[in-house]
Amino acid sequence: MFEQDRIASIDADHIRHHASDLDHLAEALDRRGLDAAQVIEALIAFDVAVPSWALGTGGTRFGRFPGGGEPRTTEEKLDDIAAINALTRANGAVSLHVPWDNPDDPGALRQYGEQLGIAFDAMNSNTFQNNPETTFDGEVSYKFGSLASTEPEARRAAVEHNQAVIDLGAKLGSNALTVWLADGTNHPGQADMTGQFERTVEGLQAIHAHLPDGWRMFTEHKPYEPAFYSSVNQDWGSSLLLAQAAGDRASCLVDLGHHLPNANIEQVVARLAMVDRLGGFHFNDSKYGDDDLTTGSIKPFQLFLIFCELLRAGGGTLPPMAYMLDQSHNVKDPLEDLVQSTEALLIAYTQAMLVDREALADAQESNDAAFAQQVLQDAYRTDVRPLLAEARQRQGGALNPLRSFRALGYRQRCTELRGNDAAATGL
Ligand SMILES: [Mn+2]
């Protein structure tokens, strides 16, 4: 995507300062009994998937202000991910959304991904809008729900769509399906909430039964929007009940924006991990609702605490899960935003690795709240960025991905190639 020597030449002026910053940090960590080399190894192993719908400019119900050079096809979306992955070395997978992405030739797309070093992460189905291909040419509608609908034909269409998405994913080399449902109601009394839930369980069971060997499925909850009175899968408790009822390969996916204000998301993570039903994440950040803002830009401490719970669940290592960024880029260049979000995730993860977990456990056991806070703050207040830069550098990536992204002129080239008014699908 980018020639290796171009990436290296941009960093040439900065490498000496980086080496000195890294030495300084490694020495400080060593005094705290921490091994920088081990942290760097863990960072090299970390990867977060990019969703295909985050590569174009997002919008709100009030409008959309596209930038230039947005991807026009799924292949161009993969090109964009490969471009930032060349710099971050932490975005080696795409998460497709059907029917927004609907390849005619899945085998060819898979091969294209392989050439670019991009794997296919969890597949996403879509029953929150009608789609002629999956709703029998408009004969059935999801207006009143999909899996929860009172109409058997709508339920059947929704199950068949999810099964078709699994079949497509299998051809692409994916091994997971994420089910986010818009099902719910807008008015009190509009539907029998228990009946809706029971019908949804039935549908999820049929989808679960269709999973090939080695596949998993995730239920993703969200409290409101587009349903504004009640959502069928509205919170982590509902999501857990649905996953448990669906089958043993179903677990819950936590989207950081899908909680009521001020929810203790790190505790939600701890609970789901405790019962072994935490399957993955959609990372983003929010101030008010499901704002889909840059990961770690509003509540970086919360993100750090989430990673602390993940490491607690994994006994010191990050549990293998579906980690994905799920954001809407309304103002920034989507690729720059993804680069910054990936950086923020890696920072939170690294800081969590620096927590003296033994000291924290002792403080918790002896009810020493002040010392527990001190232990967390020692880790959280550490500027870990030289470790991230080193991990990238060792993989051939960029010391500073945003700086390199701009210097390499990728967006300008895309604009020349794709035009100024190209629009990514699904937004
Ligand atoms: Mn999501």
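**Entry 1: a glycine after H8.** I started at Gly247, which follows H8 and has a positive phi, near 155°. My helix and strand labels are DSSP runs numbered from the N terminus, with helices being H or I of at least four residues and strands being E of at least two.

Residues are numbered from 1 along each chain as its sequence is written. This is a predicted model, where local features need pLDDT of at least 70 and side-chain atom pairs count only at pLDDT 80 or more, while totals for chains, interfaces and linings use all residues.

**Entry 2: H8 itself.** Which residues of helix H8 (residues 236–246) are buried? I found Trp236, Ser239, Leu240, Leu242, Ala243 and Ala246. Buried means 20 or more other C-beta atoms within 10 Å of the residue's own, exposed means 12 or fewer, and partly exposed is in between, with C-beta atoms placed from the backbone. Looking down the axis of H8, I see its buried residues fall within an arc of 165°, so they line one face of the helix. That arc is taken over the directions from the helix axis to the C-beta atoms. The buried residues of H8 pack against helix H7 (193–208), strand E9 (216–220), strand E11 (250–255) and helix H9 (265–274). Contact here means C-beta atoms, placed from the backbone, within 7 Å.

**Entry 3: the core.** The largest nonpolar core has 111 residues, and Val94, Met217, Cys252, Phe307, Met324, Ala352 and Leu387 touch the most other members. Helix H11 (residues 334–353) gives the most to this core, with ten residues. Such a core is a set of buried Ala, Val, Leu, Ile, Met, Phe, Trp, Tyr and Cys residues joined through C-beta atoms within 7 Å.

**Entry 4: Leu387 and H14.** What does Leu387 touch, leaving aside neighbours within four places in sequence? My list reads Leu25, Ala36, Val39, Ile40, Leu43 and Thr350. In helix H14 (residues 385–394), eight of the ten residues are buried. They pack against helix H2 (15–31), helix H3 (36–45), helix H4 (74–88) and H11. Just after H14, Gly396 takes a positive phi of about 90°.

**Entry 5: H11 meets H14.** These two pack at an angle of about 115°, with their axes 9 Å apart. The axes are lines fitted to C-alpha atoms, for helices over the stretch in contact, and angles run from 0 to 180 degrees between N-to-C directions. Glu343, Leu346, Ile347 and Thr350 of H11 make the contact with Arg385, Leu387 and Leu388 of H14.

Entry 6: I found a cis peptide bond from Val98 to Pro99, with omega near 15°. Another cis bond runs from Glu225 to Pro226, with omega near 5°. Arg89 isn't glycine, yet its phi is positive, near 55°. Is Arg89 buried or exposed? I get buried, with 23 other C-beta atoms within 10 Å. Asp292 also has a positive phi, near 55°, and it is buried, with 22 other C-beta atoms within 10 Å. Arg381, in the loop between helix H13 (369–380) and H14, is exposed, with 9 other C-beta atoms within 10 Å.

Methods. Contact = placed C-beta atoms within 7 Å.
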